[in-house]
Amino acid sequence: MAIVYQHIRLDTNKVFYVGISLKYRRAYEKASRRNNIWAKIASKSDFKVEILKEDITWEEACKLEIELISKYGRIDLGTGSLA
């Protein structure tokens, strides 16, 4: 079963990352395999982790992640706040 989570900057209270995982610890990892934009944001501000959905199928998690990315937009595309 999968989880969907988001990272929220504590300085602005804005969502800057949405992710899915099969393991809770992945949501709380600070460095691991995240992208450079995420690393720059995380170096400037602490963040909190919010678990949005848990115990859902991988397919449901992927669908929700796509919906949330569409909702918040991506920094690299100039459409929003996500790394």
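A salt bridge here is a side-chain nitrogen of Lys or Arg within 4 Å of a carboxyl oxygen of Asp or Glu. By that rule, the side chains of Glu29 and Arg26 meet in a salt bridge, with N to O at 3.4 Å. Before going further, a word on the model: it is predicted, local features need pLDDT of at least 70, side-chain atom pairs count only at pLDDT 80 or more, and totals for chains, interfaces and linings use all residues. Residues are numbered from 1 along each chain as its sequence is written, and side-chain values use heavy atoms, with hydrogens and water left out.

Back to the charges. The structure holds 3 salt bridges. To say how covered their partners are, we need a scale: buried means under 20% relative accessible area, exposed means over 50%, and partly exposed is in between (1.4 Å probe, protein chains only). On that scale Arg26 is buried, because its relative accessible area is 17%, while Glu29 counts as partly exposed at 25%. Another of these salt bridges joins the side chains of Asp11 and Arg9, 2.7 Å from N to O. Arg9 is buried at 18%, whereas Asp11 is partly exposed at 46%. Then there is Arg74 with Asp76, whose closest N and O atoms are 2.6 Å apart. Here Arg74 is partly exposed at 34%, and Asp76 is partly exposed too, at 47%.

Now for the strands. Helices (H or I, at least four residues) and strands (E, at least two) are DSSP runs, numbered from the N terminus. Two strands pair if DSSP finds at least two bridges between them. E1 and E2 run antiparallel and are joined by 6 bridges. To pick out one of these pairings, look at Gln6, whose bridge partner in E2 is Val18. E2 is mostly covered, with 7 of its 7 residues buried.

The hairpin of E1 and E2 has 5 residues between the strands. Asn13 lies in that loop and has a positive phi of about 60° although it is not a glycine. Asn13 also counts as exposed, because its relative accessibility is 54%. Asp55 sits in strand E3, though, and it counts as exposed at 56% relative accessibility.

The largest one has 11 residues in all, among them Val4, Ile8, Val15, Val18, Leu64 and Leu82. Strand E1 (2-9), strand E2 (15-21) and helix H3 (58-72) are the elements that give two or more residues to this core. A second, separate core has 8 residues, including Tyr5, Phe16, Tyr17 and Ala27.

Leaving aside neighbours within four places in sequence, Val15 is in contact with Gln6, His7, Ile8, Tyr72, Ser81 and Leu82.

That leaves H3 itself. The expected span of a helix is 1.5 Å times one less than its number of residues. For the 15 residues of H3 that comes to 21 Å, and its end C-alpha atoms are 21 Å apart, which agrees. Which residues of H3 are buried? They are Ala61, Leu64, Glu65 and Leu68. Seen down the axis of H3, these buried residues fall within an arc of 105°, so they line one face of the helix; the arc is that of the directions from the helix axis to the C-beta atoms. The buried residues of H3 pack against E1, E2 and strand E3 (47-56). The face turned away from the buried side carries the exposed residues Glu59, Lys63, Ile66 and Ser70.

Apart from neighbours within four places in sequence, Leu64 is in contact with Val4 and Lys53. The C-alpha atoms of Leu64 and Val18 are separated by 9.7 Å, although the two residues are 46 apart along the chain. Just after H3, Gly73 takes a positive phi of about 75°.

How values were computed. Core = buried A, V, L, I, M, F, W, Y, C linked by side-chain atoms within 4.5 Å. Contact = heavy atoms within 4.5 Å.
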